[in-house]
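Here is a short briefing for a first look at this structure. Keep the sequence and the 3D view open as you read.

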Amino acid sequence: MRKRRIAILGSTGSIGTQTLDVIRQHPDLFELELISANNNVGLLAAQAREFDVNNVVICNESRYPALADALKESDSKVWAGIGSLCSLVKSDNVDIVVGAMVGFSGLRPTLCALEAGKIVALANKETLVAAGSIVTRTAREHEAVILPVDSEHSAIFQCLLAAQGNAVEKIHLTASGGPFRTWTKEQIAAAGPETALKHPNWNMGAKVTIDSASMMNKGFEVIEARWLFDIDPSRIEVVVHPESVIHSMVEFVDGAVIAQLGCPDMRQPIGFALNFPERITVGNRKLDWNILHTLSFEKPDMDRFPCLRLAYEAIERGGNAPCALNAANEVAVAAYLKGLISFCDIPKINEKCLAGLNFAADPSLEDIFETNREIAAIANGCID
């Protein structure tokens, strides 16, 4: 059987490095064709040498000389810029594209991969949040496949496979609650980045971890689920599950519920997407039923976590509203991580930007990019 040839967009981040760990365990199944990063030249070069990667892209073009120098003794071809990445993902030498870039920057190369009819293992949630209708339409038109990598969406996907086409009543999207689950509004407002970055269950990058603390991440996952599974947002219910053992559940018309369980380890959904439909070992922990005594559930508090409420409002409004929310949130989180604003300023900036949106009910791709630019400018104005 021919090895599956993999391209990883964002190989130096949390999802990217865990994807490489899965590939490292199965050299008989996978071959790494392309990797990319934005700034981390040192790690990107080390990955290229370890896996003997054919193509290596540094998206920040100013970092190209450093990467080229670091790989001058290797056989890897070194490229710079998003344009190069967009061209390379279309190559016949790529079978699966892992979308692991963080933020809006992942949209264009993901669309290029879909236009080329690739299998896209999608972890970059901003792609579907900002342009869900365009992305899913592109996949249909080019007979491309989107396989979810987020643990929650992979869980839903696995539950639906088990359901064998039976009618879905509701999706129950689980949330850990993050580090502030039991905190008061006043405590949350005073929390610094070092505290918000201490997620109780998951090992993620800084941006996603802050989004988890605000529950913006879960709001974005609601929007993702709406597009991935073609289901009305009113039928997607968030439930706080602190143990992070049940990764999500699907409820059917007869009241039966199918759940997917496992230890909180992203390598399981990554491995499932890379080798779909067959499961492989990924070196992760397994559930120990002898010590697992409690599975608890809570209703999310949208007063303490208003970002979740804003996500529901954005997807209900539709059009370019989710794109605007994502753009505002990217700016706000970056400012919070730099200590420029407080934690409670994140939802305030998001809400203000949504209110100031130049709304487009049926946005084109150009509208989406323009919305991202406009809202980022408004959000930066809120910080200045």
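A disulfide is a pair of cysteine sulfur atoms within 2.5 Å. This is a predicted model, and a search of the whole structure finds 0 disulfides.

**Cysteines**

- The cysteine sulfur closest to that of Cys323 belongs to Cys353, and it is 12 Å away, so the two are too far apart for a bond.
- Cys323 is buried, with a relative accessible area of 0%.
- For the sulfur of Cys344, the closest cysteine sulfur is in Cys307, at 11 Å, which is also too far for a bond.
- Cys344 is partly exposed, with a relative accessible area of 25%.

**Nonpolar cores**

- The largest nonpolar core has 91 residues.
- Ile6, Leu32, Leu67, Leu274, Phe343 and Ile346 have the most contacts inside this core.
- Helix H14 gives the most to the core, with 10 residues.
- A second, separate core has 31 residues, including Leu9, Cys86, Val97 and Leu107.
- Which residues does Leu32 touch, leaving aside its neighbours within four places in sequence? Leu32 is in contact with Ile6, Ile8, Leu20, Ile23, Phe51, Val53 and Asn54.

**Helix H13**

- H13 covers residues 306-317, which makes 12 residues.
- From its first C-alpha to its last, H13 reaches 17 Å, close to the 16 Å expected at 1.5 Å a residue.
- Its buried residues are Pro306, Cys307, Leu308, Leu310, Ala311, Tyr312, Ala314 and Ile315.
- An α-helix has 3.6 residues a turn, so residues three or four places apart point the same way.
- Gly318 follows H13, and its phi is positive, near 80°.

**Strands E6 and E7**

- Strand E6 (residues 119-122) pairs with strand E7 (residues 145-148).
- The pairing is parallel and runs over 4 bridges.
- Opposite Ile119 stands Val145 in E7.
- How does the chain get from E6 to E7, and what is the hand of the crossover? The chain passes through helix H6 (residues 125-141), and this β-α-β crossover is right-handed.

Key: Residues are numbered from 1 along each chain as its sequence is written. This is a predicted model: local features need pLDDT of at least 70, side-chain atom pairs count only at pLDDT 80 or more; totals for chains, interfaces and linings use all residues. Side-chain values use heavy atoms; hydrogens and water are left out. Helices (H or I, at least four residues) and strands (E, at least two) are DSSP runs, numbered from the N terminus. The expected span of a helix is 1.5 Å times one less than its number of residues. Buried means under 20% relative accessible area, exposed over 50%, partly exposed in between (1.4 Å probe, protein chains only). A nonpolar core is a set of buried Ala, Val, Leu, Ile, Met, Phe, Trp, Tyr and Cys residues joined through side-chain atoms within 4.5 Å. Contact means heavy atoms within 4.5 Å. Two strands pair if DSSP finds at least two bridges between them. A crossover is right-handed if, with the strands pointing away from the viewer, the path from the first strand over the helix to the second runs clockwise.
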